[in-house]
Amino acid sequence: MMNPTRSATPDETMPVALLSGAASPWPALAEALLQAGYRLVWHSPLPLPPALAAAPASRVCRVQADVHSEATAQALLREVQQLWGRLDVLLLQPPQRPGLPLPEAVELELAQRLGPLLALTQAAVPLLREQQGVVLWWLDQAVSRSHWLDGAVQAALPATLRALAAELAPDVRLNAIQYPAAQLREGELNELAHKRMVQKVAMKRPLREADLVQAMHYLLQADFVTGHLLPVDGGGSVG
């Protein structure tokens, strides 16, 4: 199930963060957590960022696991516990799958998208509860525009977030950050496309990785905030 690429004999007092999924800001967020004193479990198909690859073996472990059910999620968390004995922070992005064309596919699509997200969140609860830990879901705003089923999934997420946060409180806090991932790729845009994108944003500039790092640190430190969906979009969602 788990394929660590690094061995470890860590300081047991250091907090542990698990990053799962393929969110584009993962490298910047992981580096910020590393600098903040976290040990990291990298569960992502993305290449290991240079800062993590250069870190000592006691700070970073890369794992490979197909989390598609409650059982596989629990197996992953058991391996994390065996490796480092604790979990303080879980960063998750729901999988993105091609939408199915039929109305009756909505229930199946919700299960495919939210199932792994909920399974890994629930599997992490026993470890997180011991540390009064935090779960952060990372949601791409643009997903809801690519297919009508994506919109149905996005619409279900806030209610799911609030209900699960209420269930996990007060031992574990659950929040989400919604961001326009496409703006992180502004370098790929021509001048006209860049200008049009900026005009739609109240702050008149594109999203930066540093904005997401700030949002992450806020929600990790905000002990009285749970069940909150935080848009980090420069005011784009209010226009």
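Residues are numbered from 1 along each chain as its sequence is written, and side-chain values use heavy atoms, with hydrogens and water left out. Because the model is predicted, local features need pLDDT of at least 70 and side-chain atom pairs count only at pLDDT 80 or more, while totals for chains, interfaces and linings use all residues.

The chain holds seven helices and seven strands (DSSP runs numbered from the N terminus: helices are H or I with at least four residues, strands are E with at least two). Along the sequence, these elements follow the pattern β-α-β-α-β-α-β-α-β-α-β-α-α-β. Of the 239 residues in the chain, 47% are buried (under 20% relative accessible area, with exposed over 50% and partly exposed in between, using a 1.4 Å probe and protein chains only). The accessible surface comes to about 11600 Å², and 54% of it belongs to carbon and sulfur atoms (Shrake-Rupley method, 1.4 Å probe). Among contacts (heavy atoms within 4.5 Å) between residues at least 6 apart in sequence, 70% join residues at least 24 apart.

Helix α1 (residues 26–35) is mostly covered, with seven of its 10 residues buried. These are Trp26, Ala28, Leu29, Ala30, Ala32, Leu33 and Leu34. Gly37 follows α1 and has a positive phi, near 100°.

An α-helix has 3.6 residues a turn, so residues three or four places apart point the same way. Just after α3, Gly85 takes a positive phi of about 75°.

Strand β6 (residues 173–179) contains Gln178, which counts as buried because its relative accessibility is 18%. Leaving aside residues up to four places away in sequence, Gln178 touches Leu139, Gln141, Gln154, Leu229, Leu230, Pro231 and Val232.

The largest pocket has a volume of about 400 Å³. Of the 19 residues that line this pocket, Ser20, Gly21, His43, Pro45 and Pro95 are the closest to its centre. (On a 1 Å grid over the protein atoms alone, a cavity is a set of points where a 1.4 Å probe fits but cannot get out, and a pocket is an open set with protein on both sides within 12 Å along at least five of seven lines; lining residues have an atom within 4 Å of a point. Grid points are joined across faces, edges and corners, and a volume is the space filled by probe spheres set on the points.) Helix α4 (residues 106–130) gives the most to the lining, with three residues.
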